[in-house]
Amino acid sequence: MRIKISNANTPNWQEIDVKSRIPVELENLSEIAKNIWWSWNYEATELFNDLDPELWREVGYNPVLLLERMSYEKLEVLSTDKAILKRMNDVYAKYREYVDIKPDENRPSVAYFSMEYGLTQVLKIYSGGLGVLAGDYLKEASDSNVDMCAVGFLYRFGYFTQSLSIDGQQIANYEAQNFGQLPIDRVHDKDGKPLVVSVPYNNYFVHANIWRVNVGRIALYLLDTDNDLNSEFDRPITYQLYGGDWENRLKQEILLGIGGILTLQALGIKKEIYHCNEGHAALINVQRICDYVASGLTFDQSIELVRASSLYTVHTPVPAGHDYFDESLFGKYMGAYPSKMGISWDDLMNLGRENPGDKNERFCMSIFACNTSQEVNGVSWLHGKVSQEMFAPLWKGYFPEELHVGYVTNGVHFPTWSATEWKELYAKHFDANFLHDQSNAKIWEAIYNVSDEEIWNTRQTMKHKLVDYIRKQFRENWLKNQGDPSRIVSLMDKINPNALLIGFGRRFATYKRAHLLFTDLDRLAKIVNNPDYPVQFLFTGKAHPHDGAGQGLIKRIIEISRRPEFLGKIIFLENYDMQLARRLVSGVDIWLNTPTRPLEASGTSGEKALMNGVLNFSVLDGWWLEGYREGAGWALTEKRTYQNQEYQDQLDAATIYSILETEILPLFYARNKKGLSAGWIKTIKNSIAQIAPHYTMKRQLDDYYSKFYNRLAKRFELLSANNNAKAKDLAQWKEEVADKWDSIEVVSCDKIEDLSHGCIESGKDYTITFVIDEKGLNDAIGLELVTTYYTPDGKQHIYSVEPFNVIKKEGNEYTFQTQFSLQNAGSFKFAYRMYPKNVDLPHRQDFCYVRWFNC
């Protein structure tokens, strides 16, 4: 018998989590570590740091991993340290006092859905601004004690970690998260078993594990498909944020929308308002309609209730930025849903089309969200206007400025983004109720009473902390990736905390125009090498792995930064995450933002800088268009001089250079006998007092309640009362109007002769009368005279809208009459607009039937 050289089978490895054994005296630390509350409460983070400073940094400031990695011997020593125990008990008492408060029942409850959440760099479920905004929103919801829960994904790999090759090329590294080492918990069902939600995908199910993140008082539920029950094609659904192909993106959006609602149902959670943060979660309204239909309502009745409790927030300023899916792909996974909704396949597709019935159009999630949500909003005043233009084709018959699309300007969570040093300064000088009344501008005016020395010293402290962080955090990577060690040592030495530091941190999309500063390299070299006015630029940001232009821009900046005249003056910091962002927005002197207007929907990095005495220098776009105050920062005009973007870029770059040379640098270096710039500090004080109170997340959350949530909740209560009686009545009324709409007849028109000739006099009153046969609709028709004008760019706008009043009724015939006058002379256009009217409609676009005619 010949003996085989080897004989071994393949092991069936089973995963086991070995939890650290925490002495009973320190058990409170574990509870605090499992609630993201620690991330915005510096007493907690300082406590974890002081347990083992070196290990705290090594574990990436993750308290769960810190406690796991600490030896039991070390923990036993700490358990007898009276100073540590007292600090722990003090922090724990503050924590319990905070989380034990019950939600405010006087404000509507909200379920919030988002593809990403930026809560802390420890939890890699975010990529950038959209996620950080959502994370800030949950934190403020917790601080404001509102009844909210949220739904998202637990990504195995999250968004990529960025490194750079030796020639400056971005490298995207996807590093798996160990869920057992994160501040999260598996959710269990009533029997104590791990909860798995099964989500129908046409003819099969995808099974999602459910995890919970405690964000203070708020529960964030995360779905995770890395489950043995799923096929090899479905396990990766939640592997990457914004990764994979369009098929995987559709699978993700089905999971977030439909799976998100099923998750809340499995948990027994029902809220009054359902809020989609971007269109990714739009399919929540498919499942909600299915549920109402299953309860015995018709589709038309169901969608009344769904719309009345739905808000869609759009963050994208251009149609190309929305998600579109081919009908064949959409049908592959969504084909079974129309029958559950009580409609046809074409009906479902048309809900996602700008032009219903156009078979060439793909299904758009954003359009579906608009059609199934009563309220829609942009994220700044300007973006609200841009969104009205963008979505105007959905509501034909109305001009963009007439649409119900509103706005809430984004803000930032003050406790997260204000550095500890600034929080201590504010606590020392501001009203004791400051954190609960952040929108009160009077409180912020106390900054004027703070001494110049204290402001200057706080700023210097933050600058030194930033420089120390860069030297510690990036030295090893730079030595590894950037070649010549002597050049790296020289670079480290040249980072100067006493120089004017200018920061630029954001996603490297081309419209952000990170290249603008490098338009004239000779002029830039003179600026950065002026010995009297030293200045350094710190750049950071990631480009999407499929964005070749963005990656090329990063490579170009790195190449420039290595030139002798720019070495140590232009610095690129790789792997922009929340930790680096906190250092930058508190450590630089100027925050630079140069987007192509109006493509910055809001932007919030400048708002974060604002809370730390950092001054903004930005294009008047997004939030800065509203926020800018003269003497409190600097602005590039929103006016476009050239249609050619290259020429406009050159002009904007020249303006940046000029403002730096003639305003910013001289002001910063105008030092008095005390060695500080009184003018610079005055600008800081103006920025904090005049701008900061208007851009907190507290103000944003309050705006959502006052502008949208309260109104939605009130109307939903009206429609759903008495077994949904009003929703049923309204659906029946709409059906009747739709059935008779085309047969409504204009019987007669009595107007002044001058209108027939197309010439009237300004300031003179005119009377117009119509008789309309409503075909038995019983005063369901409104009529108005719409007058418009054209701007020089050829766009038509509303000049005036004059409503008609019903002055007589005979049978089905209604007599409408109006008096109007035009106060300005000029060229105008006019027409008559007929529309359905009902006091129970929230706005005209809710039932967008329009007929235009002339007399």
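Is N723 buried or exposed in this structure? At a relative accessibility of 58%, N723 counts as exposed, where exposed means over 50% relative accessible area, buried under 20% and partly exposed in between (1.4 Å probe, protein chains only). The model is predicted, so that local features need pLDDT of at least 70 and side-chain atom pairs count only at pLDDT 80 or more, while totals for chains, interfaces and linings use all residues. Residues are numbered from 1 along each chain as its sequence is written, and side-chain values use heavy atoms, with hydrogens and water left out.

Figure 1. Most residues other than glycine have a negative phi, and most peptide bonds are trans. N723, which is not a glycine, has a positive phi of about 60°. The residue belongs to helix α28 (residues 697-740); helices (H or I, at least four residues) and strands (E, at least two) are DSSP runs, numbered from the N terminus. N778 also is a residue other than glycine with a positive phi, near 65°. N778 is placed in the loop between β22 (766-773) and β23 (781-790), and its relative accessibility of 59% makes N778 exposed.

**Figure 2. Crossing of helices α26 and α27.** Two packed helices are described by the angle between their axes and the distance between the axes. For α26 (residues 645-668) and α27 (residues 678-690), the axes come within 7 Å and cross at roughly 105°. Axes are lines fitted to C-alpha atoms, for helices over the stretch in contact, and angles run from 0 to 180 degrees between N-to-C directions. The two helices α26 and α27 are therefore roughly perpendicular to each other; angles of 65 to 115 degrees count as roughly perpendicular, under 35 as roughly parallel, over 145 as roughly antiparallel and the rest as oblique. I664, L667 and F668 of α26 meet G679, W680 and T683 of α27, contact meaning heavy atoms within 4.5 Å. By class, this contact of α26 with α27 has four nonpolar, two polar and no charged residues. Here Ala, Val, Leu, Ile, Met, Phe, Trp, Tyr, Cys and Pro count as nonpolar, Asp, Glu, Lys and Arg as charged, and the others, Gly among them, as polar.

**Figure 3. Surroundings of N529.** N529 lies in the loop between α21 (521-528) and β16 (535-540). With a relative accessible area of 34%, N529 is partly exposed. Leaving aside residues up to four places away in sequence, N529 touches E565 and K569. The side chains of N529 and K569 are joined by a polar contact of 2.7 Å. A polar contact is a pair of N or O atoms within 3.5 Å; within protein, one must be able to donate a hydrogen and the other to accept it, and residues adjacent in sequence count only if both atoms are side-chain atoms. A polar atom of the N529 side chain also lies 2.8 Å from the backbone oxygen of A525.

**Figure 4. The disulfide and other cysteines.** The structure holds one disulfide, a disulfide being a pair of cysteine sulfur atoms within 2.5 Å. C749 and C855 form this bond, with their sulfur atoms 1.4 Å apart. The torsion about the S-S bond of C749 and C855 is about -115°, so the disulfide is left-handed. The pair links distant parts of the chain, 106 residues apart: C749 is in strand β21 (residues 745-750) and C855 in the segment after β28 (851-853). C749 is partly exposed at 28% relative accessibility, and C855 is partly exposed at 35%. C364 is in no disulfide, the nearest cysteine sulfur being that of C370, 8.0 Å away. C364 is buried, at 1% relative accessibility. The sulfur of C848 is 12 Å from the closest cysteine sulfur, in C370, too far for a bond.

**Figure 5. Helix α23 and S586.** Eight of the ten residues of α23 are buried, so this helix is largely enclosed by the rest of the structure. The buried residues of α23 include M578, L580 and L584. S586 lies in α23 (residues 578-587) and is buried, with a relative accessible area of 4%. S586 touches A419, R459, M462, N612 and V614, not counting residues up to four places away in sequence. At the start of α23, a side-chain oxygen of D577 reaches to within 3.2 Å of the backbone nitrogen of Q579.
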